[in-house]
Amino acid sequence: MSAFNNPFSPDVRLGAACGCGKHRSRVEHDAEAATLRDEPAGNDTEMLNGRVIQSAVMRALFPRDETRRRFLAAVGSSGALAAVSSVVPFGALEAMAQDKGALEKKDLKIGFIPITCATPLIMADPLGFYRKQGLNVTLNKTAGWALIRDKMLNKEHDASHFLSPMPLAISLGLGSAAQAMNVATIQNINGQAITLHVKHKDKRDPKQWKGFKFAVPFDYSMHNFLLRYYVAEHGLDPDTDIQIRVTPPPEMVANLRAGNIDGFLGPDPFNQRAVYDEVGFIHILSKELWDGHPCCAFGVSDAFIKENPNTFAALYRAVLTSAAMAREARNRQLIAEVISPPNYLNQPVTVVEQVLTGKYADGLGNVKNVPDRADFDPFPWHSMAVWILTQMKRWGYIKGEVDYRQIAEKVFMVTDARKHMAELEMKAPARSYAKFKVMGKEFDPAKPDAYLASFAIRKAA
């Protein structure tokens, strides 16, 4: 906070000494008076916002006028602000107060992988949700998740489509240099599947998969953690009994067709595309493992939020508006048409429509109707983050002790999500931790270590 925005600062020299003789300038006199009177001082808009917040905080901490005066007299105006600033995030509060103000940056580059998980981020472009917020967004189709990560680290992208575990990994310095990264919203829930090559139609029992080669999109992905969980529950060690290869999603069907892999746990539309091309069949939907699991996220860095609070708020509103539309089943056919063209998913509309509507061919001769095969609940549950961290720990990606709650609450932006969802009249859960079941086994986010210790197959600590 600059001295200009700090009404208690001894460096403010905007006028002559005040008439009462107790202050070094008229501005300092007005600021203290405003603090006591419940009103701002001065005319500059930014300074007014800062003073309103500072005044409100001082009144909250010292409700009685006389107590406030004694505190200010005892420690001085600059000392008062320094003391309060040590426990009150004035910068964040001012950013929240100004988040509908002038945009700091209108031209944005957002990275995405061409998969249906990115539906809210993608459809916000052709449907005009970014433009409505005053943003000029360029969506950059990106080849793979490592490149997505690197472009965010190098600030080539302002915000990005992420796999929901990636901001946790990046913030912890796993697989890259550490940089504070955030999950602003969950882009999609469910929407994945285990797809096997058609030659394996007689091998529906995972116990028959020893020696199989599987593809997942990235190490730090729900796909990797759900595949590992699934085979381990059937008695296979994912590190010794099968091979898991990182493969960019757009290359999965080609690798299946060529016989380079036996199957993949991947994002749509590629599960459905494998069926469409008659090279694979859908063994199981990911929602059958954990109904409501997160997959992808909309993410930004700490630095971007601090430098562009108004732009971030506008971007948040655009993405949430898009997610609200995507949740409605009646909109799914339209959305399929909107996101299928070459500049976005580059897929046949019928493939994308089968994914989004949930009425699909499974490659085994059945037509199934699963309306929530893919869904778009944006709320970034802290309990989701804790589960992800337990699996990172389970498979050796994290070493040593883990402060699950602290990491989850730093990276998954629940407070911001609630605030911006309320602005758009979207209902957000009152709590951010909830129990859920994965393959029938309950996960209690309050007991992550006990959950981790309950698995027979895991990496040695």
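Here are some worked exercises on the structure above.

The model is a predicted one, where local features need pLDDT of at least 70, side-chain atom pairs count only at pLDDT 80 or more, and totals for chains, interfaces and linings use all residues. Residues are numbered from 1 along each chain as its sequence is written, and side-chain values use heavy atoms, with hydrogens and water left out.

**Exercise 1. Get an overview of the protein chain.**

Step 1: Start with the secondary structure, which comes to 20 helices and 16 strands. Both are DSSP runs numbered from the N terminus: helices are H or I with at least four residues, strands are E with at least two.

Step 2: Check burial. Buried means under 20% relative accessible area, exposed over 50%, and partly exposed in between, with a 1.4 Å probe and protein chains only. On that scale, 56% of the 461 residues count as buried.

Step 3: Look at contacts, meaning heavy atoms within 4.5 Å. Of the contacts with a separation of 6 or more, 72% are between residues 24 or more positions apart.

**Exercise 2. Work out the order of strands in the five-stranded open sheet, and which strands stand at its edges.**

Step 1: Reading across, you get β2-β1-β3-β11-β4, with mixed pairing. Two strands pair if DSSP finds at least two bridges between them.

Step 2: The edges belong to β2 (136-141) and β4 (181-186); each has a single partner strand, so one side of each is left without a neighbour in the sheet.

Step 3: On average, neighbouring strands here are turned by 30° against each other, direction ignored. For such angles, axes are lines fitted to C-alpha atoms (for helices over the stretch in contact), and angles run from 0 to 180 degrees between N-to-C directions.

**Exercise 3. Find the largest nonpolar core and say where it lies.**

Step 1: A nonpolar core is a set of buried Ala, Val, Leu, Ile, Met, Phe, Trp, Tyr and Cys residues joined through side-chain atoms within 4.5 Å. The largest has 122 residues, and Y130, W387 and M392 have the most contacts inside it.

Step 2: α14 gives the most, with nine residues.

Step 3: Domain 2 (107-189 + 294-350 + 376-453) and domain 3 (192-287) both contribute residues, so the core lies between them. The domain bounds come from an automatic or database domain assignment.

Step 4: Zoom in on Y130. Leaving out residues up to four places away in sequence, Y130 touches several residues, including I110, L121, L139 and L315.

**Exercise 4. Which residues of α15 are buried, and what covers them?**

Step 1: In α15 (residues 332-339), the buried ones are R332, I335, A336, V338 and I339.

Step 2: They span an arc of only 165° around the axis, which puts them on the same side of α15. The arc is that of the directions from the helix axis to the C-beta atoms.

Step 3: Their cover includes α6 (119-123), α14 (309-327), α16 (349-357) and β14 (374-375).
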